[in-house]
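Biologist: Hi! Could you walk me through this protein in plain words?

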Amino acid sequence: MNQQPHWFSETIKHAVLLIGAAVVILPFYLMLSFSFKSPSEIQSISGGFFGSQELMTDRRCIKQGLPEEECTMLPIVYNYKAAFEEAPLFRYLLNGVIVTISIFAIQILIALPCAYALAKLQFWGRDVVFGMVIFCLLIPVHAIALPLYLMLAKLGLTNTFAALVIPWTISVFGIFLMRQFFKTVPDDLINAARMDGMSEFSIVWKVMLPTAIPALLAFAIFSVVAHWNDYYWPRVVITGDRDLMTPPLGLRMFKSDMDGNEYGPMMAAATVIVAPLVVAFLLAQRRFIEGITLTGMK
C-alpha cells in the first residue's frame with residue numbers, strides 16, 4: 001500500500017525535473033540549431049536541428065566582386081564565417097577574458113583575508129561587519145549603477161578597462177561564501193600554524209587558500225559567468241570605443257538587419273561566446289558541487 005504513493009511521488013518529481021530541464025535547455029537548443037541553418041529556414045523554423053545544409057550564396061561576398069562559385073557555401077560555414085567577419089569577435093573574447101580574470105583575481109585578493117577575519121578572528125564588531133556583508137547581498141546592482149557611473153566619469157575612467165573592473169573588485173558574495181567555508185576548517189589547524197610562527201596573512205595564503213580550492217572553484221563559476229555574460233554594465237560605461245566591447249556587448253553588431261538575415265551569424269557568435277563557459281563548468285562540475293556542499297556544513 002505504501003509503495004504506490006512512493007512510486008507516484010517519485011514519478012511527479014522526475015516529471016517536474018524533466019520539464020524544468022527542457023525549459024532551461026530549449027534556448028540553447030534553438031541557439032545552436034539556428035547557427036546551422038540558412039536565413040529562410042530560420043524564418044520558417046524548419047529544417048530540423050541541422051537544417052537542410054543546401055548550398056547558399058553569400059551576398060557580402062558577391063558585393064566584394066568575387067565570383068559566385070567562391071561565394072557559395074553551406075549555411076553552417078556562412079554563419080560562423082560571418083560571425084567572425086561582421087565583428088572582431090576574437091577581440092571581444094579577449095576583452096572578456098581580461099575583464100573576468102582581472103575581476104576574479106582581485107576579488108580573491110580581497111575576499112580571502114576578509115572571510116578569514118570574519119570566520120576565525122575575534123574582534124569587536126565582527127558580527128556587525130558580517131551583518132553588513134549580508135545586507136550588501138540584498139542591494140541590486142542597478143541601485144548603485146548611477147553613483148558608480150558618476151564616480152567613474154568624474155575620474156575620467158569611462159571607456160576603459162578600469163571602468164569594467166573596479167566596481168566589482170569587492171564581492172560580498174565571495175566574502176560570504178568563503179567565510180562559510182572557512183568556518184568548516186578546524187581551529188586546531190590554525191593554532192598549529194600560529195605555534196609554528198606564521199603570521200595571520202601567511203595563514204590565509206599558505207594554509208587557508210589550499211584548503212579552500214573547492215569553494216574557490218565554486219565562486220569562480222559564479223564570478224566568471226556573471227561578468228562574462230554581463231551586458232548591462234559594459235553598455236553603461238563603454239559608449240564610444242568598440243575595441244573595449246565585451247562578448248555580450250559585441251552581439252549588438254549583428255542587430256542591423258530586421259528581416260532575420262543576421263540571426264544565423266548572431267546565433268553562431270552566441271554559440272562561440274557560450275561554449276567556453278559550458279566547457280569550463282563541465283570540467284569543474286565535481287569541484288563546484290563539492291564547494292557548494294561544503295560551504296553549507298556550518
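Biologist: Great. Where does the structure come from?

Modeller: Please keep in mind that this is a predicted model.

Biologist: Okay. How many helices and strands are there in the protein chain?

Modeller: The chain has 16 helices and 2 strands.

Biologist: And what share of the residues is buried?

Modeller: Of the 298 residues in the chain, 38% are buried. The accessible surface of the chain is about 17100 Å², and carbon and sulfur atoms account for 69% of that surface.

Biologist: What about contacts along the chain?

Modeller: Take the contacts with a separation of 6 or more: 69% of them join residues 24 or more positions apart.

Biologist: Let's zoom in. How do H12 and H15 pack?

Modeller: Helix H12 covers residues 213-228 and helix H15 covers residues 263-283; their axes are 11 Å apart, at an angle of about 175°. Angles over 145 degrees count as roughly antiparallel, so H12 is roughly antiparallel to H15.

Biologist: Which residues make that contact?

Modeller: H12 brings Ile221, Val224, Val225 and Trp228, while H15 brings Ile273, Leu277 and Phe281. By class, the contact has 7 nonpolar residues, with no polar and no charged ones.

Biologist: Nice. Now H10 and H11: what is the angle there?

Modeller: H10 packs with helix H11 (residues 200-211) at about 140°, and the axes are 10 Å apart. The two helices are therefore oblique to each other. H10 passes H11 in a right-handed crossing.

Biologist: Who takes part in the contact?

Modeller: From H10 come Leu189, Ile190, Ala193 and Arg194; from H11 come Glu200, Ile203, Val207, Met208 and Thr211. By class, this contact of H10 with H11 has 6 nonpolar, 1 polar and 2 charged residues.

Biologist: Tell me about arginine 194. Is it buried, partly exposed or exposed?

Modeller: Arginine 194 has a relative accessible area of 32%, so it is partly exposed.

Biologist: What is arginine 194 in contact with, sequence neighbours aside?

Modeller: Leaving out neighbours within four places in sequence, arginine 194 is in contact with Tyr116, Lys120, Leu121, Glu200 and Ile203.

Biologist: How far is its C-alpha atom from that of valine 237?

Modeller: The C-alpha atoms of leucine 157 and valine 237 are 8.6 Å from each other, and the two residues are 80 residues apart along the chain.

Biologist: One last thing: what is the phi of asparagine 159?

Modeller: Phi of asparagine 159 is near 60°, a positive value in a residue other than glycine. Most residues other than glycine have a negative phi. Asparagine 159 is also found in the loop between H7 and H8, and its relative accessible area of 25% makes asparagine 159 partly exposed.

Biologist: Thanks, that helps!

Technical notes: Residues are numbered from 1 along each chain as its sequence is written. This is a predicted model: local features need pLDDT of at least 70, side-chain atom pairs count only at pLDDT 80 or more; totals for chains, interfaces and linings use all residues. Side-chain values use heavy atoms; hydrogens and water are left out. Buried means under 20% relative accessible area, exposed over 50%, partly exposed in between (1.4 Å probe, protein chains only). Contact means heavy atoms within 4.5 Å. Axes are lines fitted to C-alpha atoms, for helices over the stretch in contact, and angles run from 0 to 180 degrees between N-to-C directions. Helices (H or I, at least four residues) and strands (E, at least two) are DSSP runs, numbered from the N terminus. Angles under 35 degrees count as roughly parallel, over 145 as roughly antiparallel, 65 to 115 as roughly perpendicular and the rest as oblique. A crossing is left-handed if the near helix is turned anticlockwise from the far one by less than a right angle, and right-handed if clockwise. Ala, Val, Leu, Ile, Met, Phe, Trp, Tyr, Cys and Pro count as nonpolar, Asp, Glu, Lys and Arg as charged, and the others, Gly among them, as polar. Accessible areas come from the Shrake-Rupley method with a 1.4 Å probe; for residues, only the protein chains shown count as cover.
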